[in-house]
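Okay, thanks everyone, I'll keep this short.

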Number of protein chains: 2
Amino acid sequence: MTVTDELLANAERYAASFDKGALPLPPAKGVAVVACMDARLNPYGLLGLAEGDAHVIRNAGGVITADELRSLAISQRLLGTTEIILIHHTDCGMLTFTDDEFKGAIEREVGIRPQWAAEAFGDLEGDVRQSVKRILADPFIPVKESVRGFVYEVETGKLREVS
Amino acid sequence: MTVTDELLANAERYAASFDKGALPLPPAKGVAVVACMDARLNPYGLLGLAEGDAHVIRNAGGVITADELRSLAISQRLLGTTEIILIHHTDCGMLTFTDDEFKGAIEREVGIRPQWAAEAFGDLEGDVRQSVKRILADPFIPVKESVRGFVYEVETGKLREVS
């Protein structure tokens, strides 16, 4: 039995007590969250989100690449969100390597160098600001009045804004 | 007061009762989930995930683009995950438009055509299979023994596997 099978048993329990079948497609709170994929960062618990509330976009680092700009454009243009919350976090894996190291190691093993940037970063707050700036510079995201960046502290559970 | 401010008040409550400060960086369950950003799809509730359990990667559609391949490569190579769970869902916004329509509308408004694919799809199960195949074809993701795709039914709360 795989871990996937174990999680599928949890999904059966979720369905058995499910009572949220009538929620509309557009997020009730009009918010899109972009956060790191880190296992310790639970946007539902942290922000008090329930089913139907917000779009949640996540990747390694919570960085902004073309795919997050695509998702945010769809979120705002087709589903009406107007606020963006960016969340990086302390003790992030992205702080532990460099693009050159990671891509060099893959190249030595596989023989092909990834065509993508790994998006590692050395400065946590600096990369939150970088992510905000990439959104502000994007021509396809229409609403930018509330684009705010935060660091979640995995040690304390606190969320602090990056100014 | 913005919705973001309201969610920050929730975050203060989360921190006030926080007791998960000692969790390690690698996901305890060794799983990476790739799911749609849809507000009604809560991977924590659905799969019974708690803080520390799994990487959660999300975007518009739960599709696999270069950024998800980047995140999965980092998840497996640096943080030891070995199983991948892909989740699309019924009533997805990505079923409601085409790339040409969406990108044409942006081009008419902004004057620039997005350089990215919108990744809209007409066949839900077909796009789950497409996403699985993109992972299986990727040279940088080392562990592919358990890559399974699912459709979450927003109407019933059920998760069904796509074969």
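So, first a word on terms: when I say helix or strand, I mean a DSSP run, at least four residues of H or I for a helix and at least two of E for a strand, numbered from the N terminus. And keep in mind that this is a predicted model.

With that, chain A has five helices and five strands. Reading from the N terminus, the order is α-β-α-β-α-β-α-α-β-β. Along the principal axes, the C-alpha atoms of chain A fill a box of roughly 50 × 50 × 35 Å. Of the 163 residues in chain A, 60% are buried. And if you take the contacts in chain A between residues at least 6 apart in sequence, 65% of them join residues at least 24 apart.

Now, the two chains. How does chain B superpose on chain A? You rotate by 180 degrees, with 0.0 Å of shift along the axis, and the RMSD comes out at 0.0 Å. That's the relation of a two-fold axis. If you want to find the axis on screen, go to R58(B), which comes closest to it among the residues of chain B, with its C-alpha at 2.4 Å. The copies meet through the same surface, because 100% of the interface residues of chain B are also interface residues in chain A.

On to the core. The largest nonpolar core has 106 residues, and I87(A) and I87(B) have the most contacts inside it. Which residues does I87(A) touch, leaving aside neighbours within four places in sequence? Among them are V33(A), V34(A), L46(A), L47(A), F150(A), Y152(A) and L159(A).

The largest pocket has a volume of about 230 Å³. It's lined by 15 residues, and nearest its centre you'll see T65(A), A66(A) and D67(A), along with A66(B) and D67(B).

Out of its 13 lining residues, I74(A), L79(A), M37(B), G93(B) and M94(B) are the closest to the centre. Helix 3 of chain A gives the most to this lining, with three residues. By class, the cavity lining has nine nonpolar, three polar and one charged residues.

That's what I have, over to you.

Methods: Residues numbered from 1 in each chain as written. Chains lettered and ligands numbered in written order. Predicted model: local features only at pLDDT ≥ 70, side-chain atom pairs only at ≥ 80, totals over all residues. Heavy atoms only, no water. 1 Å grid on protein atoms, 1.4 Å probe; cavity = no way out; pocket = protein on both sides within 12 Å on 5 of 7 lines; lining within 4 Å. Points joined across faces, edges and corners; volume = space filled by probe spheres on them. Least-squares fit on C-alpha atoms with pLDDT ≥ 70 in both. Contact = heavy atoms within 4.5 Å. Core = buried A, V, L, I, M, F, W, Y, C linked by side-chain atoms within 4.5 Å. Buried < 20%, exposed > 50% of the residue type's maximum accessible area, 1.4 Å probe, protein only. Nonpolar A, V, L, I, M, F, W, Y, C, P; charged D, E, K, R; others polar.
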